[in-house]
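Subject: Structure handover

Hello,

Here is the structure for you to look over. My notes on what turned up follow below it.

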Amino acid sequence: MSLSGCNAIVTGGAQGIGRACVEALIAEGARVAIADIKLAEATETAAAFPGQAIALDCDVAKPDSIVAMVDRAEAELGPISVLVNNAGIAIGEDFLQTSVESFQKVLSINLVGTFVASQAVAKRMIANGIKGSIVNMSSINAVLAIPTIASYCASKGGVAQLTKVAALALAPHGIRVNAVGPGSIMTDMLRGVAGDPEATRMVMSRTPLGRIGDPSEIGSVVAFLASSKSSYVTGETIFVDGGRLALNYTV
């Protein structure tokens with residue numbers, strides 16, 4: 001297994017894409033700390049993988065919570081060699097009505113939380129002499145814009161640049177940093193869209209492969225970037241979007 005002996009952290013790993021990342025890493029041999037503000041759900045997910053996963057409480061909007069979580073993950077699993085920054089939120093709001101507090105809330109979780117976790121784990125990787133891998137969860141909305149989720153788009157654009165900056169800064173230490181940019185993936189958020197024929201038609205009009213993606217299809221790419229199979233890849237964002245970013249005209 002390509003991640004045998006590796007210890008990983010997945011933030012927001014209790015459900016959806018995060019859980020798919022947990023499953024993919026475990027399938028490749030890693031042990032995983034599931035860090036989530038929803039501790040009950042994280043505990044339930046960890047219970048599905050006895051001996052391979054632990055659940056840790058973490059609020060990625062709070063830097064102290066992140067650092068404490070990383071400390072506990074290392075105490076329980078051992079040195080961390082893989083970090084998946086998956087935790088994130090989106091708040092749908094009219095642009096002109098979006099408050100500064102709302103905008104900052106999204107950035108504090110999606111962008112600042114990614115920075116704090118990356119820095120905390122990278123410091124420990126360096127101290128332990130580990131040439132590890134950090135995988136950030138970006139989005140097609142790092143490139144494409146939706147006016148009703150301005151804070152989300154801005155945060156994911158920031159994640160894309162943070163990925164490049166961190167990759168350059170950590171390359172001398174042998175630590176790789178990459179990102180995955182999902183398109184339309186069947187999560188709880190999208191199930192509401194999938195139940196609306198008109199909304200589904202709109203999504204499919206921008207998806208050349210003609211279907212909604214499965215969370216496991218994100219997890220498999222995350223596992224690839226976490227492993228030595230991508231040993232010469234750093235500073236990149238792989239978009240898993242069914243061809244959406246390649247599409248010019250729609251019908």
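A helix axis here is a line fitted to the C-alpha atoms over the stretch in contact, and angles run from 0 to 180 degrees between N-to-C directions. Please keep in mind that this is a predicted model.

**Helix packing**

Start with H1 and helix H8 (residues 215–226). Their axes lie 8 Å apart, at an angle of about 50 degrees. Angles under 35 degrees count as roughly parallel, and 65 to 115 as roughly perpendicular. H1 and H8 are therefore oblique to each other. The crossing of H1 past H8 is right-handed. On the H1 side, the contact uses Gly16, Ile17, Ala20, Cys21, Ala24 and Leu25. Facing them in H8 are Pro215, Ser216, Ile218, Gly219, Ser220, Val222, Ala223 and Ala226. This contact of H1 with H8 holds 10 nonpolar residues, four polar ones and no charged ones.

Next, H4 and H5. Their axes cross at roughly 15 degrees and come within 8 Å. That angle makes H4 roughly parallel to H5. This crossing of H4 and H5 is right-handed. H4 brings Phe103, Val106, Leu107, Asn110, Leu111, Thr114, Phe115, Ala122 and Ile126 to the contact. Among the H5 residues they meet are Ala150, Tyr152, Lys156, Val159, Leu162 and Leu170. By class, the contact of H4 with H5 has 13 nonpolar, five polar and one charged.

H4 also packs against H3. Helix H3 (residues 63–77) and helix H4 (residues 100–127) have axes 9 Å apart, at an angle of about 35 degrees. H3 passes H4 in a right-handed crossing. H3 supplies Pro63, Ile66, Val67, Val70, Asp71 and Glu74. H4 answers with Gly113, Val116, Ala117, Ala120, Val121 and Arg124.

**The largest pocket**

What is the volume of the largest pocket? It comes to about 1500 Å³. The elements that give two or more residues to its lining are helix H1 (16–27), strand S2 (31–36), helix H5 (150–170), helix H6 (188–194) and helix H7 (197–205). H6 gives the most, with four residues.

The lining of the largest pocket has 45 residues. Which of them lie nearest the centre? Those are Ile89, Ala90, Tyr152, Thr187 and Met189. By class, the lining of the largest pocket divides into 24 nonpolar, 14 polar and seven charged residues.

Best regards

Key: Residues numbered from 1 in each chain as written. Predicted model: local features only at pLDDT ≥ 70, side-chain atom pairs only at ≥ 80, totals over all residues. Heavy atoms only, no water. 1 Å grid on protein atoms, 1.4 Å probe; cavity = no way out; pocket = protein on both sides within 12 Å on 5 of 7 lines; lining within 4 Å. Points joined across faces, edges and corners; volume = space filled by probe spheres on them. Nonpolar A, V, L, I, M, F, W, Y, C, P; charged D, E, K, R; others polar. Parallel < 35°, antiparallel > 145°, perpendicular 65-115°, else oblique. Left-handed = near helix turned anticlockwise from the far one by under 90°. Contact = heavy atoms within 4.5 Å.
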